[in-house]
Amino acid sequence: MMSKEIPYKIYLEESEMPKQWYNVRADMKNKPAPLLNPATLQPMGYEDLRPVFCDELIKQELDDTTPYIDIPQEILDFYKMYRPSPLVRAYCLEKKLDTPAKIYYKFEGNNTSGSHKLNSAIAQAYYAKKQGLKGVTTETGAGQWGTALSMACAYLDLDCKVYMVKCSYEQKPFRREVMRTYGASVTPSPSMTTEIGRKILAEHPGTSGSLGCAISEAVEAATHQEGYRYVLGSVLNQVLLHQTVIGLETKTALDKYGIVPDMIIGCAGGGSNLGGLISPFMGEKLRGEHDYRFIAVEPASCPSFTRGKFAYDFCDTGMVCPLAKMYTLGSGFIPSPNHAGGLRYHGMSSILSQLYHDGLMEAVAVEQTEVFAAAEMFARVEGILPAPESSHAIRVAIDEALKCKETGEEKTIVFGLTGTGYFDMYAYEKFNNGEMSDYIPTDEDLKPGFDGLPKFPGCE
């Protein structure tokens, strides 16, 4: 092991940026189950997906065998505006906790979108532009993905239509205005602008919405307009692929100083940042080269991993998207309007679901008041106001560091700080005023979602 003194921030040189994305599926013994056509129940191929997704992205979505995929130079040039991102040693947090643990976080908030989402947004927008499309449609929860995509589309002169989960649209008006500043149109979802939106509003009057609802509307909007395709900020294989720049940079930075993590922690909503962070390390585990402990952290109010079922389910509330095999609470599940808007999806990435099902990673659910307590501590000692989503990972990183304090073990913890929380002050206000509450769905609350799971052979 190298004996270099570890700086507060480990920066890579531009020349050390990854030139390829890593496809963890190539090393998975049990591949993620294929997407199924909801009409025929047969695996979906390239032609089946063309009406919805960009051509090149479909190829990436279906590729289970190519371990490394070249990043186009145009995307690399865009990445250079904000990458490589720093790997930070949390010395101040370690001191505050009085722990022997060594804590590092990969900070993805150093761009105007304020999050990791830009890594995939520019890739998807690039392939849409290369295909000659007029524009793209999408959904967004907390608004980070919508912000990132609006930035990417502005850069490439593409139209961008965003359906924003209604509770976030109302709670985060400034995030909405950033999207509009970059030229995107932003519609609260569910809305009266689509057939699916009208149907959902009729069945659930006054609903605060969900990512599943917004996905349905965005897909309908894309398929009803010539020259448009739908793009997604998480869950899909292609998105996790693009986000591996996070893990690849993290591993290069750790290797530079001879640091070997014991555990890697990330928040989990649809799975993009967690999958991107852990993929290169998971590859080593799958190949038998090294063992790591991986922990997915999700909100107790939307516990896809910890209380969901591993089954085929619709990716959207309107049931117009393909069926994916994943840990799910049911496409009809609408979570409480918690303040981690990006962690409100009813399901989880098929890649991460398979890895979790195979026992290769762990999952834990945490309550939002404890999450914001961790966020406040982190902000006060590390100087960054974290996004509510990221703060789920902070919560468990702190908990694991305190366990090290009890046992005296000097473990090395790495977590993903996916973005900043400067557009989340409504949530911080609620916490600071003592008005924030926790909501954990009962088994009875979850039952309607499970009862709505597709029922046909092979979907169990």
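A residue counts as buried when its relative accessible area is under 20%, as exposed when over 50%, and as partly exposed in between, using a 1.4 Å probe and protein chains only. This is a predicted model, in which local features need pLDDT of at least 70 and side-chain atom pairs count only at pLDDT 80 or more, while totals for chains, interfaces and linings use all residues. Residues are numbered from 1 along each chain as its sequence is written, and side-chain values use heavy atoms, with hydrogens and water left out. The structure holds 30 salt bridges, each being a side-chain nitrogen of Lys or Arg within 4 Å of a carboxyl oxygen of Asp or Glu.

- Glu410 forms a salt bridge with Lys102, with the closest N and O atoms 3.6 Å apart.
- Because Glu410 lies in the loop between α17 (388-407) and β15 (412-417) and Lys102 in strand β5 (residues 102-107), the pair ties together parts that are 308 residues apart in sequence.
- Glu410 is exposed at 56% relative accessibility, whereas Lys102 is partly exposed at 28%.

**Pairs within a helix**

- Helices (H or I, at least four residues) and strands (E, at least two) are DSSP runs, numbered from the N terminus.
- Arg380 and Glu376 form a salt bridge of 3.4 Å, N to O, and both lie in helix α16 (residues 368-382), four residues apart, about one turn of the helix.
- Lys403 and Glu400 meet in a salt bridge of 3.2 Å, N to O, and these two are three residues apart in helix α17.
- Lys403 is partly exposed at 44% relative accessibility, while Glu400 is buried at 7%.
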